[in-house]
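Trainee: I'd like to learn how to read a model like this one, feature by feature. Can we go through it together?

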Amino acid sequence: FVALGKVVQCLSNYTFPPDFRFGVATASYQIEGAWNTDGKGESIWDRMTHQHPDFFFNGDVAADSYHLYKEDVRALKELGVGVYRFSISWPRILPTGDVDVVNKLGIAYYNNLINELLANGIEPMVTMYHWDLPQALQDIGGWPNQVIADYFEEYARVLFTHFGDRVKLWLTFNEPLSFCAGYGEWRAGAPGIDAHGIGDYMSAHTVLHAHARVYHLYDNVFRKKQKGQIGITLDSEWADPFDGTVESKEAAERELQFQLGWFAHPIFSSEGDYPRVMKERILNNSLKEGRTRSRKEVKYVQGTSDFFGLNHYTTNLARSGAVGETPSLIRDAGVQMILDPSWPSSASAWLKVVPWGFRKLLVWIAKEYNNPPVYVTENGFSDHGELRDTNRTKYITSYLSELLKAIHEDGCNVIGYTAWSLIDNYEWMSGYTEKFGMYYVNYSDPARPRVPKDSSRVMAEIIRTRQLPQ
Ligand code: BGP
């Protein structure tokens, strides 16, 4: 540890506030495996990875956490985390997406995991939806179809009923920007359909409504007794102006509104609804073909989050310019995003190490949304699986250093941090080639032991001392 301490320099020596929560994060499809075991239904990721010619990898077995969850908890205990963020697989609980069939063995699996966590003094933080939609619901249209909100509410009711006595930290959705884009043309991912145009905008309507439905359900039926908190995890890069021109500054701001404001503005802003700049640019284009939102709907969604979950990894430079030819979110935004070649890289082409962007984003959120409690639900670094993962350590410590400055110098209300990720897992677009884990998993060993990397020891020390290594 001392040797690693020398590698990371100029880190902030502020301490983490006494009630600041530390943890790590995972997601069901990326770690559980057991894709068709014990009555689990098929998800859109099962279907796509099995059928789409571009996908060579899948999560059929993954880290086999369905069987090895006690190994995960052992690693969590070693890290000393207070919180474990994981997601529940909707089709493992409701194989067809519908409450007609509740899979008892699926309920038992999550009960076991939750109980094992609590027995080890670790608080569960549960994401209800981390992208594995039951295929049966995709067959009726998936997220662009507003009826999916009804199903989501009923699914959430099952979760509150079975787990709400012990789970007090809930996230409805992980990164709606990413999975709604799967119905547009920004980023390939399940359902892997050839969609373009307005599918992403229509999905966003459904997702915001579904989120609010679940928030109100909790308020009306469960909150008094269960006393938990409901949030949503949004993702955003920081967009920094490419140069000093007004156009670039406006482009950077526009990019933040299109990435983060799209979902944050309707829920967290005092104004409600989609960001003004978004509406201006798309009202006569894509959104008109989708559905605009009534005033009643805007009110229904506003204020429906007890905290702001944030996934942040990297930064881009933004400048104004035409992107794409067909109507799409990217074309509507009209921003070209550029990576500075001088920024250190990870194993993922999109992930550059730009710690100062993290602080700027936290300050932007504080200003834009009246300083909400922000829970950083993901942040992490990819490599090829080295045990001496010095670069991951540098990434995590330098980003945490900026987070500390945001708290102590900028007054940002950041309340927790769950790093991505506990273990090497199935990464959506790169399978098992890019690794984010603090624990190594040997995927050619059927026992899949969790082996600590150096970064896990540094993380454990940060959690123990509540300070960065000096
Ligand atoms: C986030 C997801 C995570 C995780 C991470 C790494 O967007 O919420 O599930 O996968 O990104 O990205 P990727 O898997 O695309 O490499």
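Trainee: Let's begin with the ligand: how many residues surround the ligand, and which are the closest?

Mentor: Keep in mind that this is a predicted model. To read a shell, you look for residues with a heavy atom within 4 Å of the molecule. Here 14 residues surround the ligand, and the closest are Gln30, His130, Glu175, Glu427 and Trp428. By class, that shell divides into 6 nonpolar, 4 polar and 4 charged residues.

Trainee: Now helix packing. Are α17 and α18 roughly parallel or antiparallel to each other?

Mentor: You compare the N-to-C directions of the two axes, and angles under 35 degrees count as roughly parallel. The axes of α17 (residues 390-408) and α18 (residues 454-465) cross at roughly 25° and come within 8 Å. The two helices are therefore roughly parallel to each other.

Trainee: Which residues meet there?

Mentor: From α17 you have Arg392, Thr393, Ile396, Thr397 and Leu400, and they meet Asp454, Ser455, Val458, Met459 and Ile462 of α18. Sorted by class, this contact has 5 nonpolar, 3 polar and 2 charged residues.

Trainee: What about a loop residue such as Gln302: what does its side chain reach?

Mentor: Gln302 lies in the loop between α14 (295-301) and β7 (307-311). Its side chain reaches the backbone oxygen of Ser270 at 2.8 Å. Leaving aside residues up to four places away in sequence, Gln302 touches Pro266, Ile267, Ser269, Ser270, Glu271 and Gly272.

Trainee: And the backbone? Where is there a cis peptide bond?

Mentor: Check omega for each peptide bond. The bond from Ala190 to Pro191 is cis, with omega near 10°, and Pro191 sits in the loop between α9 (176-181) and α10 (199-226). Trp420 and Ser421 are also joined by a cis peptide bond, with omega about 15°. Ser421 lies in the loop between β11 (414-420) and β12 (439-441).

Trainee: What is phi of Trp131, and where is this residue?

Mentor: Phi of Trp131 is near 85°, a positive value in a residue other than glycine. You'll find Trp131 in the loop between β3 (123-129) and α7 (135-138).

Methods: Residues are numbered from 1 along each chain as its sequence is written. This is a predicted model: local features need pLDDT of at least 70, side-chain atom pairs count only at pLDDT 80 or more; totals for chains, interfaces and linings use all residues. Side-chain values use heavy atoms; hydrogens and water are left out. Ala, Val, Leu, Ile, Met, Phe, Trp, Tyr, Cys and Pro count as nonpolar, Asp, Glu, Lys and Arg as charged, and the others, Gly among them, as polar. Axes are lines fitted to C-alpha atoms, for helices over the stretch in contact, and angles run from 0 to 180 degrees between N-to-C directions. Helices (H or I, at least four residues) and strands (E, at least two) are DSSP runs, numbered from the N terminus. Angles under 35 degrees count as roughly parallel, over 145 as roughly antiparallel, 65 to 115 as roughly perpendicular and the rest as oblique. Contact means heavy atoms within 4.5 Å. A polar contact is a pair of N or O atoms within 3.5 Å; within protein, one must be able to donate a hydrogen and the other to accept it, and residues adjacent in sequence count only if both atoms are side-chain atoms.
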